Amino acid sequence: MAGVPLPTAPPVADITTTADVELLVRRFYQAAIPDPLLGPLFEAAGIDWSVHIPLLRRFWERELLDIPGYGGNVVGAHRAVLDTAPFGRTNLDRWVELFDETADELFIGPVADHAKQRAAQIAAALATLATRRTQGANP
Ligand code: HEM
């Protein structure tokens, strides 16, 4: 509505620097930790945030800015998570929803779009992994 300020200024720029990636990661977890569908899972998994945040930053730096550093296996890493903090499609849908909201709040452009696409792809792979686990398969 005219004259009514938006709660936050709309984003004007894309993700282009490591500081942008850091902001995206930190804001996402700031929203995810208190979330009822996600927070308890991170707690059950016993995440050490001082390790996890830099790892996530390196992951997204490689994905979005082509900066080498992350050498892990994202989907494989979640096998162990499923043992201690079982999650499913509802949790993954919420994860993606919050990630998209965070990205849209901060950035606009093709790199931000790519981030949302990659998050959705990985969530889909994790949903398959979680379903196979629930069905007793041991991939
Ligand atoms: C319900 C949803 C999810 C939960 C509960 C979850 C939880 C976790 C946990 C507990 C870890 C291990 C942290 C540690 O090492 O202590 C982890 C690692 C990670 N997660 Fe997720 N995750 C979820 C979805 C996703 C999605 C959709 C992505 C997509 C980008 C993602 C990206 C990562 C990455 C990059 C790592 C680091 C993997 C490594 O160790 O190399 N996660 N996650």
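Me: Before anything else, what counts as a helix or a strand here?
Reply: Helices (H or I, at least four residues) and strands (E, at least two) are DSSP runs, numbered from the N terminus. By that rule the chain has 6 helices and 0 strands. Read from the N terminus on, the order of elements is α-α-α-α-α-α.

Me: What kind of model is it, and how are residues numbered?
Reply: It is a predicted model, in which local features need pLDDT of at least 70, side-chain atom pairs count only at pLDDT 80 or more, and totals for chains, interfaces and linings use all residues. Residues are numbered from 1 along each chain as its sequence is written.

Me: What is the average pLDDT of the chain?
Reply: The chain averages a pLDDT, the predictor's confidence in each residue from 0 to 100, of 93. A score of at least 70 is reached by 91% of the residues. Confidence is lowest in α4, with a mean of 95, and highest in α5, at 98.

Me: What about overall dimensions?
Reply: The C-alpha trace spans about 55 × 35 × 25 Å along its principal axes. The radius of gyration, taken over C-alpha atoms, is compared with a globule rule of 2.2 Å times the number of residues to the power 0.38. For 139 residues a compact globule would come near 14 Å, and the chain's 16 Å agrees with that.

Me: Which share of the residues is buried?
Reply: Buried residues make up 19% of the 139 in the chain. A residue is buried if 20 or more other C-beta atoms lie within 10 Å of its own, exposed if 12 or fewer, and partly exposed in between, with C-beta atoms placed from the backbone.

Me: Which residues touch the most others in the largest nonpolar core?
Reply: A nonpolar core is a set of buried Ala, Val, Leu, Ile, Met, Phe, Trp, Tyr and Cys residues joined through C-beta atoms within 7 Å. The largest one has 22 residues, and Ile15, Val21, Leu24, Val25, Trp60, Ala103 and Ala115 touch the most other members. Two or more residues of this core come from each of α1 (18–32), α3, α5 and α6.

Me: Take Ala115, then. What is it in contact with?
Reply: Two residues are in contact if their C-beta atoms, placed from the backbone, lie within 7 Å. Leaving aside neighbours within four places in sequence, Ala115 is in contact with Ile15, Trp60, Leu64 and Ala103.

Me: Switching to the ligand: how many residues surround it, and which are the closest?
Reply: The ligand is surrounded by 23 residues, and the closest are Ala45, Gly72, Ala77, Asn91 and Ile122. A residue is near a molecule or strand if its C-beta atom, placed from the backbone, lies within 6 Å of it.

Me: Which helices supply that shell, and what is its make-up?
Reply: At least two residues of the shell come from each of α2 (39–45), α3 (49–65), α4 (74–84), α5 (89–106) and α6 (110–134). The shell divides into 18 nonpolar, 4 polar and 1 charged. Ala, Val, Leu, Ile, Met, Phe, Trp, Tyr, Cys and Pro count as nonpolar, Asp, Glu, Lys and Arg as charged, and the others, Gly among them, as polar.

Me: Is Leu126 buried or exposed?
Reply: Leu126 is found in helix α6 and counts as buried because 22 C-beta neighbours lie inside 10 Å. Not counting residues up to four places away in sequence, Leu126 touches Val75, His78 and Leu92. Leu126 and Leu92 are 34 residues apart along the chain, and their C-alpha atoms are separated by 8.0 Å.

Me: And Leu37, where is that?
Reply: Leu37 sits in the loop between α1 and α2. With 16 other C-beta atoms within 10 Å, Leu37 is partly exposed. Beyond neighbours within four places in sequence, Leu37 is in contact with Thr90, Asn91 and Arg94. From Leu37 to Arg94 there are 57 residues in sequence and 7.1 Å in space, C-alpha to C-alpha.

Me: What is the phi of Asp66?
Reply: Phi of Asp66 is near 60°, a positive value in a residue other than glycine. Most residues other than glycine have a negative phi. Asp66 is found in the loop between α3 and α4 and is exposed, with 7 other C-beta atoms within 10 Å.
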